[in-house]
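Open the structure in your viewer and keep the selection tool at hand.

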Amino acid sequence: MHRLYEQEDIAVFWDSVKCRHAKRCVGASPVTFNRERRPWIDVTKAPAKEIWQAVSACPSGALTCVYTHGIRVTLDESGLKSVAYDGDKVIGECDYHITPDGWVIYHTEVLPEYGGKSIAKRLVYKVIEKAERSGAEVSATCSYAVKVLAE
Ligand code: SF4
């Protein structure tokens with residue numbers, strides 16, 4: 001299970017398959033990580049720096065994070081894509097098909113001048129999370145998305 005939790009300053013990725021439930025994240029930021037709560041991660045309750053430190057304490061690699069640099073990522077369900085914005089400017093997108101066998105991500109692209117900020121990973125996670133929440137299988141023909149799914 002892949003989940004993306006975002007607030008203005010930071011985006012947190014969680015891969016449940018890797019989570020060993022060591023709870024170091026809980027110890028480092030209990031307001032953000034709380035196993036008794038649903039959803040168990042809430043990135044709106046602590047400053048980005050505290051969340052970053054808690055994510056860094058994760059021993060399994062289940063948690064990773066990036067600073068958002070003011071870039072917003074949204075899902076456009078009717079357009080079958082996730083889209084990244086810098087203000088009103090579209091700076092990246094991740095496109096998918098819905099097939100009888102599941103969702104297939106076939107294209108991910110971010111403007112070169114926005115590289116190195118993990119925006120593509122946020123775009124792909126946005127689609128994967130929605131597919132999983134919809135109960136659909138998710139796969140990719142886009143080589144970048146293939147890599148994210150295999151991480
Ligand atoms: S520290 Fe990492 S492995 Fe441990 S509970 Fe948190 S997410 Fe899972």
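Is His21 buried or exposed? His21 is exposed, because 11 other C-beta atoms lie within 10 Å. The scale is simple: buried takes 20 or more other C-beta atoms within 10 Å of a residue's own, exposed takes 12 or fewer, partly exposed is in between, and C-beta atoms are placed from the backbone.

Before going on, note that this is a predicted model: local features need pLDDT of at least 70, side-chain atom pairs count only at pLDDT 80 or more, and totals for chains, interfaces and linings use all residues. Numbering starts from 1 along each chain as its sequence is written.

**Stop 1**

Now select Lys23, in the loop between β2 and α1. Phi of Lys23 is near 65°, also positive in a residue other than glycine. Lys23 is partly exposed, with 14 other C-beta atoms within 10 Å.

**Stop 2: the ligand**

Show the ligand. Which residues surround the ligand? Among them are Cys19, His21, Lys23, Cys25 and Cys58. A residue counts as near if its C-beta atom, placed from the backbone, lies within 6 Å. The shell divides into six nonpolar, two polar and three charged residues. Here Ala, Val, Leu, Ile, Met, Phe, Trp, Tyr, Cys and Pro count as nonpolar, Asp, Glu, Lys and Arg as charged, and the others, Gly among them, as polar.

**Stop 3: a cis bond**

Select Arg38 and Pro39. A cis peptide bond joins them, with omega about -10°. Pro39 is in the loop between α1 (24–28) and α2 (48–56).

**Stop 4: the sheet**

Switch to cartoon view. Five strands form an open sheet in the order β4-β5-β6-β7-β8, with mixed pairing. Strands pair if DSSP finds at least two bridges between them. β4 (71–76) and β8 stand at the edges with a single partner strand each, so one side of each has no neighbour in the sheet. The twist averages 25° from one strand to the next. Angles run from 0 to 180 degrees between N-to-C directions, and axes are lines fitted to C-alpha atoms, for helices over the stretch in contact.

Walk across the sheet:

- β4 and β5 are antiparallel, joined by six bridges. Ile71 has Asp86 as its bridge partner in β5.
- In the β4 and β5 hairpin, with four residues between the strands, Leu80 has a positive phi near 55°.
- β5 (residues 81–86) pairs with β6 in the antiparallel sense over six bridges. Asp86 stands opposite Lys89 in β6.
- β6 (residues 89–99) and β7 (residues 102–110) run antiparallel, with eight bridges. Look for Tyr96 opposite Ile105 in β7.
- β7 and β8 (residues 138–140) are parallel, over three bridges. Val104 has Ser139 as its bridge partner in β8.

**Stop 5: the crossover**

How does the chain get from β7 to β8? It goes through helix α3 (residues 119–133), in a right-handed β-α-β crossover. Right-handed means that, with the strands pointing away from the viewer, the path from the first strand over the helix to the second runs clockwise. Select α3: it lies across β4, β5, β6, β7 and β8, at about 165° to β7. Contact means C-beta atoms, placed from the backbone, within 7 Å.

Technical notes: Helix = DSSP H or I, 4+ residues; strand = E, 2+ residues; numbered from the N terminus. Contact = placed C-beta atoms within 7 Å.
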